[in-house]
Amino acid sequence: MAIDRTEKCTDNHGGVSDLYIFEYVNYSRSQIKVTDNFLVTFPFSVIYDLNALQVNFTETPTMEDGGVSFTQSGSFQLNKILSTDNFKSFIEKEWRIIIRDNNDNLRLIGLNTGLKIKYTKETGTNLADFNGFKFNFETKEANSAPFITDLSNYDINGVEALQQELQYQL
């Protein structure tokens, strides 16, 4: 079955269901291969499932100096502020993010340049207001965020494992 846009049915859904994060490592060109906007070669990596809420990803192409660059940006939230939370290292490091959208497509954001992440900690004003962390990320890449066929090349851990890793590195 060919992939096209000729049918006008609504089998395409907005939104992101999963977000995984892992530290940016500067790999050599031979260790990363993208073919037809699919990531086909990438070193085995440990990634962290943040159980994030309100995940958003935007990619904006821009013409610059005779070429096109892609600004990749987005946001996500982590619910609840705990006394054990230590996300200070997020602003000190560069990251890569994998998202799974609600159409079950996986994309790797920050493949070649990594992402800078900022966050705010919010308690809200009223009882029903959001209480937790709001994260924003952004980078500029030479190419669009590539698709990934599956997560078999990744070891998936939870947010607690990420926090332990960050505290160990401090």
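Q: How many bridges join S5 to S6, and which way do the strands run?
A: Strand S5 (residues 53–64) is joined to strand S6 (residues 67–79) by 10 bridges, and the two run antiparallel. Strands here are DSSP runs of E with at least two residues, and two strands pair if DSSP finds at least two bridges between them.

Q: Where do these numbers come from?
A: This is a predicted model, in which local features need pLDDT of at least 70 and side-chain atom pairs count only at pLDDT 80 or more, while totals for chains, interfaces and linings use all residues. Residues are numbered from 1 along each chain as its sequence is written, and side-chain values use heavy atoms, leaving out hydrogens and water.

Q: Back to the strands. What stands opposite Glu 59?
A: Gln 72 in S6.

Q: And what do S5 and S6 form?
A: A hairpin, with two residues between the strands. Asp 65 in the turn has a positive phi of about 45 degrees.

Q: Salt bridges next. How many are there?
A: The structure has eight (a Lys or Arg side-chain nitrogen within 4 Å of an Asp or Glu carboxyl oxygen). One of them joins Lys 140 and Glu 64, at 2.9 Å from N to O.

Q: Where do Lys 140 and Glu 64 sit?
A: Lys 140 is in strand S10 and Glu 64 in strand S5, 76 residues apart, so the pair links distant parts of the chain.

Q: What is the relative accessibility of Lys 140?
A: Lys 140 has 41% and counts as partly exposed. Glu 64 is partly exposed too, at 32%. Buried means under 20% relative accessible area, exposed over 50%, and partly exposed in between (1.4 Å probe, protein chains only).

Q: Which residue does Lys 116 meet in a salt bridge?
A: Glu 94, at 3.8 Å from N to O. Lys 116 is in strand S9 (residues 116–122), while Glu 94 is in the loop between S6 and S7, 22 residues apart.

Conventions. Helix = DSSP H or I, 4+ residues; strand = E, 2+ residues; numbered from the N terminus.
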